[in-house]
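Hi,

Here is the structure I said I'd pass along.

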Amino acid sequence: MRRLHAALLDARDPDVVDEFFAADFVSHNNPPGFPPGVEGVKRFFTMFRDAFPDVSVEIDEMVVEGDRVAVATTFTGTHEGELMGLAPTGRSVSVTGIDIVRVSDGRIAEHRGLTDIVGLMRQLTGQPS
């Protein structure tokens, strides 16, 4: 997981996803309108990279048990590109999330996750918490 985050942030290239995800990858939290599997991951990464070009992800906690890895992260960045129909605001954001992945043969085969989308939208729109 540490290598995945570092590679994605360093390369800023969605094709890096192919190195870390199984060909039959399944996401249980695919955003509406995104394709399933690895292509959905690439589109999601590209959307966030374009919306937050200075994105940084800090791994706050990581727990490994068997073939499962749970990761708590904090995402920071400046909203400089469109995000799911929301025009750039220029606002800086800090958003937490938790991901649980299943690893098979050294690749991510399955994902479940929660991101504080309400907190993100409040920061982008200037609404109080």
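This is a predicted model: local features need pLDDT of at least 70, side-chain atom pairs count only at pLDDT 80 or more; totals for chains, interfaces and linings use all residues.

In the second largest pocket, α1, β4 and β5 each supply at least two residues of the lining.

The largest pocket holds about 1,100 Å³. Its lining runs to 40 residues, with F44, F48, D99, H111 and T115 lying nearest the centre. Two or more lining residues come from each of α1 (2-11), β1 (21-27), α3, β3, β4, β5 and α4 (117-125), and α3 gives the most, with 7. By type, that lining is 27 nonpolar, 11 polar and 2 charged.

On to the strands. β3 (residues 68-78) and β4 (residues 92-104) run antiparallel, joined by 11 bridges, and A70 stands opposite I100 in β4. β4 also runs antiparallel to β5 (residues 107-115), through 8 bridges, with S104 opposite R107. β4 and β5 make a hairpin with 2 residues between them, and D105 in the turn has a positive phi of about 55°.

Last, the lysine: K42 sits in helix α3 (residues 37-51). Is K42 buried or exposed? Its relative accessible area is 11%, so K42 counts as buried, the cut-off being under 20%. The K42 side chain makes a polar contact with the side chain of D15 (3.3 Å). Leaving aside residues up to four places away in sequence, K42 touches P14, D15, V17 and D18.

Cheers

Note on methods. Residues are numbered from 1 along each chain as its sequence is written. Side-chain values use heavy atoms; hydrogens and water are left out. Helices (H or I, at least four residues) and strands (E, at least two) are DSSP runs, numbered from the N terminus. Buried means under 20% relative accessible area, exposed over 50%, partly exposed in between (1.4 Å probe, protein chains only). A polar contact is a pair of N or O atoms within 3.5 Å; within protein, one must be able to donate a hydrogen and the other to accept it, and residues adjacent in sequence count only if both atoms are side-chain atoms. Contact means heavy atoms within 4.5 Å. Two strands pair if DSSP finds at least two bridges between them. On a 1 Å grid over the protein atoms alone, a cavity is a set of points where a 1.4 Å probe fits but cannot get out, and a pocket is an open set with protein on both sides within 12 Å along at least five of seven lines; lining residues have an atom within 4 Å of a point. Grid points are joined across faces, edges and corners, and a volume is the space filled by probe spheres set on the points. Ala, Val, Leu, Ile, Met, Phe, Trp, Tyr, Cys and Pro count as nonpolar, Asp, Glu, Lys and Arg as charged, and the others, Gly among them, as polar.
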